[in-house]
Amino acid sequence: MASHLLYNIEETVAMILFGIGFTMLLLHRNLIRKIMGMNIMDTAVYLFLAAKGYIKGRMVPIVTDGILDASAYMNPVPSGLVLTGIVVSVSTTALMLALTIRLYERYHSLDLDQILIQVKKEEGS
Amino acid sequence: MLVQNFPFFSIVLAMFSGILSSVLNGKQARNVSLGVIGSTIIMSAAVFFWCLGNGESYTYMMGHFPAPWGNEIRAGVLEGLTALLFSVIMLLSVLGGMRHTFEDVEPSKVNLFFIMIDLMLSSLLALIYTNDLFTAYVFVEINTIAGCGLIMIRQKGRSFSAAIRYMIMSQLGSGLFLIGLTLLYDVTGHLLMSPAKETVASIEAAGRYEIPMLVILAVISVGLAIKSGLYPFHSWIPYTYGYATPTASAILSGLVSKGYIFLLMKIFYRVLGQENVIASRMVNVLFLFGLAGMIMGSVHAILEEDTRRMIAYSSVAQIGYIYMGIGLGTESGMVAAVFHMFTHSATKALLFISAVGLYEVSGEKKDFRSLRGAGYRNRLAGVGFTVGALSMVGFPMLSGFISKLLFATSALQSPHKMMLTLIGLAVSTVLNAIYFLRLVITLYGRAEQVAVKGKQRCSFVFGGAIVCFILLNLFLGLMSQPVVRAITEGLEMFD
């Protein structure tokens, strides 16, 4: 079992990173750390995809020296998925950061619990 | 055939109108949006009737790469019907909340609101029609971003904190969904649903990858359940639905959560294989969470004093119903779940929109005391709210009754879950009746003090939207047979 984990070291690391990111996004109170957690979570998925897409001994799928045999190259789809995923995570990160700035301007805190307490107070008054 | 292009047209039209709206002013953007939603209704209807007439679904190749690679759209009876109903409800929600949209949103940002509406429509249509898993993920994220935009555009009070909570929960869900897709892609080597399903079938037949397949199923189900607000993951719902503009609340509760549930059903049927899902007992987990949601959502709603949050909590209960139907693990349970999806979309949007009309004549207050007698001050909104509330409780002739009937009859077919389902339905119906009828009685109670704003004529558009919503509810309630037949046929086409 343990040797399998070591053999698939990239995938193992990716899963651990995913867990770290997920817990950070779920449990941390600080918004910036939450966003960092989200990025770690997404990056873990990209690592997993890239590791799975890589085949040892094969080239990047760009024809440079006239080899047209498909077996010489690795599958370009996982890399494409990683690129798409990066675009998606950049836009969600930007949105969350923008939201965090607006929240900080209004409540002068990055702590989500503090913010929610202040929101409740505002409403009560 | 021209009709076969319509799903693609409607997605792209909605998306490009969003881009176009960024250089238009508010009123122009509104007109573009309404035009796009209108043409989507026509195109979805055409797709629906074409598939119904031909009795078959079709796939539509995007770009020039054939099946195992490339990207595909798939349309069948159920896709057409869902797209049709979703776009009708979207149009009515936009029309019903129109005046509030222009009041709540800064004039310079009204066009942004309509961009979000366009993007929302486009992503919902893409979630309904797509045959490609990664495209589904991308549009799930677009949907999340558009939803977040709809919540925060109000820029008042709680809307920012509601938006950040929504984003955090949504990102947790998307993350799980993404890792599920990635694992599925690694196991099967396909992103298109049909080839992936073939590979899954051969894997299952060979008895390999049992644990990874279970993990994939669990992770995808939980991810989409978080995003649609199934019970233990519901904490963001009252904040989100309770503090957005009326149109946004109606769309978020009525359509967005259903888009994810539809995607989950599609993945169950078209990728993982419904029989594998049932065999894995994941359905039992969804069933229990659904039951818990049905009861706990209603309990929370009873305890709530703010009526808008009460309606939002009732969504938790109704999402529970849908997951319970999926969890029954039978064909008829699934039909009931899809029908309840439509019921809840139509009814909850009606409730949110008509509640706004009631708040207007009660000095924008949302508690029970201020709403006393509001049904007399704005009669049409009062009638609309009453119809919606009765439908949710399960009054005969309205769509809620048919869904409860379908749930009960389908429960009889699964012996182990029969008693639990029937008890759950009974308890939940009583709880629904307690909080909804309490509000309806309040609406027609005698006002203690003189009305804050007195009588107010509701606008023609608002009235029209309410009337159409009521008619839609009556249609689903009285003419349910053809709809149920279409759903059954559509689910059969999924295989």
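Predicted model: local features only at pLDDT ≥ 70, side-chain atom pairs only at ≥ 80, totals over all residues.
**Exercise 1. Describe the contact between chain A and chain B by its residues, its buried area and its polar pairs.**

Solution. 
Step 1. Turn to the area. The size of an interface is often given as the accessible area lost when the parts come together. For chain A and chain B the buried area is about 3100 Å², and carbon and sulfur atoms give 79% of that area.
Step 2. Consider the charged and polar pairs. Between the two chains there are zero salt bridges, and one residue pair is in polar contact, with both residues at pLDDT 80 or more.

**Exercise 2. State which elements of chain A give two or more residues to the side that touches chain B, and classify the residues of that side.**

Solution. 
Step 1. Four elements of chain A are to be named: helix 2 (9-27), helix 3 (31-53), helix 4 (76-107) and helix 5 (112-124).
Step 2. Helix 4 of chain A supplies the largest share of this side, with 16 residues.
Step 3. Sorted by class, the side of chain A that touches chain B holds 24 nonpolar, six polar and seven charged residues.

**Exercise 3. Characterise the overall fold of chain B, and compare its radius of gyration with that of a compact globule.**

Solution. 
Step 1. The secondary structure of chain B consists of 21 helices and two strands.
Step 2. The C-alpha trace of chain B extends over about 75 × 55 × 45 Å along its principal axes.
Step 3. A compact globule of 495 residues would have a radius of gyration near 23 Å; the value for chain B is 21 Å, which agrees.
Step 4. Of the 495 residues in chain B, 65% are buried.
Step 5. Finally, take the contacts in chain B between residues at least 6 apart in sequence: 81% of these join residues at least 24 apart.

**Exercise 4. Identify the salt bridges that B:Arg99 forms with B:Glu103 and B:Glu360, and describe the setting of each residue.**

Solution. 
Step 1. In the pair B:Glu103 and B:Arg99, the closest N and O atoms are 3.5 Å apart. The two residues are four apart in helix 4 (residues 98-104) of chain B, and are therefore separated by about one helical turn.
Step 2. The side chain of B:Arg99 also meets that of B:Glu360 in a salt bridge, at 3.0 Å from N to O. Because B:Glu360 lies in helix 15 (residues 331-360) and B:Arg99 in helix 4 of chain B, this pair ties together parts that are 261 residues apart in sequence.
Step 3. Compare the accessibilities. B:Glu103, with a relative accessible area of 49%, is partly exposed, and B:Arg99 is likewise partly exposed at 36%. B:Glu360 has 9% and is buried, since the cut-off for buried is under 20%.

**Exercise 5. Explain which parts of chain B the salt bridge between B:Asp104 and B:Arg154 ties together.**

Solution. 
Step 1. The closest N and O atoms of B:Asp104 and B:Arg154 are 3.6 Å apart.
Step 2. B:Asp104 belongs to helix 4 of chain B, whereas B:Arg154 lies in the loop between helix 6 (133-152) and helix 7 (159-188), so the pair ties together parts that are 50 residues apart in sequence.
Step 3. B:Asp104 counts as buried, at 11% relative accessibility.

**Exercise 6. Give the count of salt bridges over all chains, and name the residues of a network in chain A.**

Solution. 
Step 1. Over all chains, the count is 11 salt bridges.
Step 2. In chain A, a network of salt bridges links A:Arg29, A:Asp111 and A:Asp113.

How values were computed. Residues numbered from 1 in each chain as written. Chains lettered and ligands numbered in written order. Heavy atoms only, no water. Contact = heavy atoms within 4.5 Å. Buried area = accessible area lost by both parts, 1.4 Å probe. Salt bridge = Lys/Arg side-chain N within 4 Å of Asp/Glu carboxyl O. Polar contact = N/O pair within 3.5 Å; in protein donor to acceptor, adjacent residues only side chain to side chain. Nonpolar A, V, L, I, M, F, W, Y, C, P; charged D, E, K, R; others polar. Rg over C-alpha atoms; globule rule 2.2 N^0.38 Å. Buried < 20%, exposed > 50% of the residue type's maximum accessible area, 1.4 Å probe, protein only.
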